[in-house]
Amino acid sequence: MLFSVAGFQTSTFMKLGSKPDSFQTDVNNVRSVANDLATDFIINVGDVKFYLHKFPLLAKSARLQKSATTANGDNCDEVDISDIPGGPAAFEICAKFCYGMIVTLNAFNVVAARCASEYLGMHETIEKGNLIYKIDVFLSASIFRSWKDSIIVLQTTRSVLPLIDELKVVSNCVDAVATKACFDISKVDWSYSYNRKKLPEENGNDPNVNSIRNRSVPKDWWVEDLCDLDIDLYKRVILAIKSKAILSSDVIGEALKAYAYRRLQGLSKGMVQCGEAVKYKSTVDTIVWLLPADRGSLSCSFLLKLLKAAIYVDLGDMAKGQLIRRIGQQLEEASIHDLLIRTAEGESMMYDVDTVKKIVEEFLMQDQNAEVTSLEEGDEIQEIRRPGILSDASKLMVAKLIDGYLAEIAKDPNLPFLKFVELAELVTGISRPAHDALYRAIDMFLKEHQGISKGERKRICKLMDCKKLSVDACMHAVQNERLPLRVVVQVLFFEQVRVAATSGSSTPDLPRSLRDLNNGSSRSAVTNLEEDWDAVATVEELKALRAEIASLRTSNGERNGGYGKHSIDKVTSYKMKGLLKSKKIFAKLWSSKGGGEKGENSGSDSSDSLGSANPEEAKSTPSRNRRHSVS
């Protein structure tokens with residue numbers, strides 16, 4: 001069977017009767033029949049009065065037969081049926097049918113007429129070929145076979161619920177729509193669905209218009225057409241489609257996405273219009289409930305938008321938890337913008353960091369849930385833990401994602417220290433080749449939260465690995481006045497190690513006092529020194545470093561002056577190498593912290609060892625210009 005999906009105007013209709021329509025409207029909402037016979041029956045439907053004749057009406061309506069006779073057997077010339085489904089328009093269709101006048105049924109009025117005829121009792125037991133029978137034939141033979149008419153009929157059922165549902169019209173129509181949506185696409189004559197804008201070549205201006213018919217039909221050809229249905233009916237159609245188990249979860253997901261974007265204004269841009277929370281709550285809840293279980297059936301970006309909507313309309317914890325689990329399973333697909341979930345109005349914080357933390361925890365939990373099996377060998381039982389399902393690539397993508405997210409939320413001056421650190425610590429176990437993005441986030445946080453304590457500053461800087469900073473990041477870090485002096489020295493030392501390794505020279509040793517601090521030594525001898533190293537460097541302590549950097553820049557500029565176009569990309573590398581070749585920087589910083597006592601670095605044969613600096617050199621160095629954040 002081939003069915004067509006083309007055009008908007010309904011083409012299915014049925015004409016009943018043969019007499020011309022002689023109904024006329026008088027003043028004051030009075031409807032009457034132009035007839036030589038005087039009317040003898042007044043029927044009130046709301047504020048409309050119908051002046052009609054008893055004989056044709058009572059011959060086909062069981063209800064009017066009963067209403068026209070009083071309890072004591074007397075005739076009644078006026079009745080009120082204001083509760084008739086469909087109102088005056090639906091009753092008029094039934095009345096015209098009783099008179100044998102021409103009446104046209106179509107997708108827009110057939111539901112109201114069916115309910116009104118049921119109300120009036122126009123069954124076959126009253127007269128053969130009555131209106132109910134004719135409407136049911138029209139529905140099954142024409143309406144339910146037409147894609148667009150079936151959808152139109154569903155749209156018209158809302159005003160006559162629950163009666164139309166009791167008559168099985170809705171369920172039959174839902175099943176008809178679901179069946180067509182699951183049809184083999186080779187059996188669909190699809191030029192354009194009635195709700196879709198025409199393509200340019202479909203306007204008749206393309207000489208190759210015949211090629212349109214040869215265009216392949218997409219599997220989701222039907223999704224936009226269902227977007228006009230109210231959420232309750234839409235839910236019934238989607239459930240019927242799912243129950244047939246023919247369409248893939250990807251197609252179902254695309255349908256839900258299209259409906260959400262149509263019905264939730266602003267969702268496509270990651271927000272929901274203000275003041276619409278109550279209106280949208282049922283829609284969001286139903287879409288979440290209908291989500292396919294298969295991973296990847298919906299993009300992570302859409303799921304995050306849906307989560308933002310769920311938070312905005314104050315959906316229940318169960319629905320939000322379901323979305324968080326789904327997002328966590330495919331977090332590597334997300335972008336930084338997707339994760340920026342605004343807090344509710346009135347909150348001091350700018351972004352909802354707690355929700356993002358839950359998402360990251362769900363992502364990491366996939367590895368923690370690796371199965372453990374037991375293997376018995378002789379008298380011993382060995383446990384074998386299967387590797388987690390997360391690939392190294394996925395972990396790296398998520399780590400980079402969170403680094404970028406941290407840099408964004410760090411700009412919020414009201415962001416609590418613990419929320420930043422606890423989120424960052426979740427991904428510290430994920431190895432990434434560079435920590436520049438994490439350094440940028442830390443630097444931005446320190447810039448916006450200058451009042452944090454010495455201990456907090458130490459804890460946040462421990463998040464990054466100084467060995468994994470690029471040359472540019474190192475150049476910035478050694479001049480960053482927001483970092484503890486310990487971090488500055490570590491950056492310089494590890495860069496010196498890296499340069500020594502590439503140049504083939506001997507690798508310097510880390511001073512013992514600094515090594516003790518890194519190892520968490522609790523000896524009282526280094527307690528005061530540790531506090532000094534965790535403090536932000538004073539102006540005097542940075543003078544030596546500033547002057548050395550300035551002089552090395554000058555000397556490197558002269559030595560490498562007139563860079564040609566083949567070596568211009570090496571400027572930054574030259575600066576860093578020149579900076580690191582001078583161990584005087586370590587000496588000046590180390591001696592200013594009391595680290596230059598005799599024997600501190602006795603293992604070094606070099607006269608320029610890290611612990612043997614002349615303290616007086618630090619007093620004669622000029623200040624440098626202030627560096628600003630890289631963020």
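Reply: Two strands are said to pair if DSSP finds at least two bridges between them. In this predicted model, strand β5, residues 41–45, and strand β6, residues 48–52, meet that condition, pairing in the antiparallel sense over 5 bridges. One of the residue pairs involved is Val45, whose bridge partner in β6 is Val48. Strands of a sheet pair through backbone hydrogen bonds, either parallel or antiparallel.

The pair belongs to an open sheet of 5 strands, arranged in the order β3-β4-β6-β5-β7 with mixed pairing. At the edges stand β3 (23–26) and β7 (78–80), and because each has a single partner strand, one side of each is left without a neighbour in the sheet. Between neighbouring strands of this sheet the turn is 20 degrees on average, direction ignored. Helix α3, residues 87–99, lies across β3, β4 (30–33), β5 and β6, and its direction makes an angle of about 10 degrees with β6.

Leaving aside residues up to four places away in sequence, Ile311 touches Lys320, Ile341, Asp352 and Thr355. Thr343 is 32 residues from Ile311 in sequence, yet the two C-alpha atoms are 8.9 Å apart in space.

Next come helix α16, residues 392–409, and helix α17, residues 417–426, whose axes come within 10 Å and cross at roughly 170 degrees. Angles over 145 degrees count as roughly antiparallel, and α16 and α17 are therefore roughly antiparallel to each other. On the α16 side the contact is made by Ile402, Tyr405, Leu406 and Ile409, and on the α17 side by Phe420, Leu423 and Ala424. By class, this contact of α16 with α17 has 7 nonpolar residues, with no polar and no charged ones.

Helix α18 itself, residues 436–448, has 13 residues and reaches 18 Å from its first C-alpha to its last, close to the 18 Å expected at 1.5 Å a residue. The buried residues in α18 are Asp436, Leu438, Tyr439, Ala441, Ile442, Asp443, Met444, Phe445 and Leu446.

How values were computed:
Residues are numbered from 1 along each chain as its sequence is written. This is a predicted model: local features need pLDDT of at least 70, side-chain atom pairs count only at pLDDT 80 or more; totals for chains, interfaces and linings use all residues. Side-chain values use heavy atoms; hydrogens and water are left out. Helices (H or I, at least four residues) and strands (E, at least two) are DSSP runs, numbered from the N terminus. Axes are lines fitted to C-alpha atoms, for helices over the stretch in contact, and angles run from 0 to 180 degrees between N-to-C directions. Contact means heavy atoms within 4.5 Å. Angles under 35 degrees count as roughly parallel, over 145 as roughly antiparallel, 65 to 115 as roughly perpendicular and the rest as oblique. Ala, Val, Leu, Ile, Met, Phe, Trp, Tyr, Cys and Pro count as nonpolar, Asp, Glu, Lys and Arg as charged, and the others, Gly among them, as polar. The expected span of a helix is 1.5 Å times one less than its number of residues. Buried means under 20% relative accessible area, exposed over 50%, partly exposed in between (1.4 Å probe, protein chains only).
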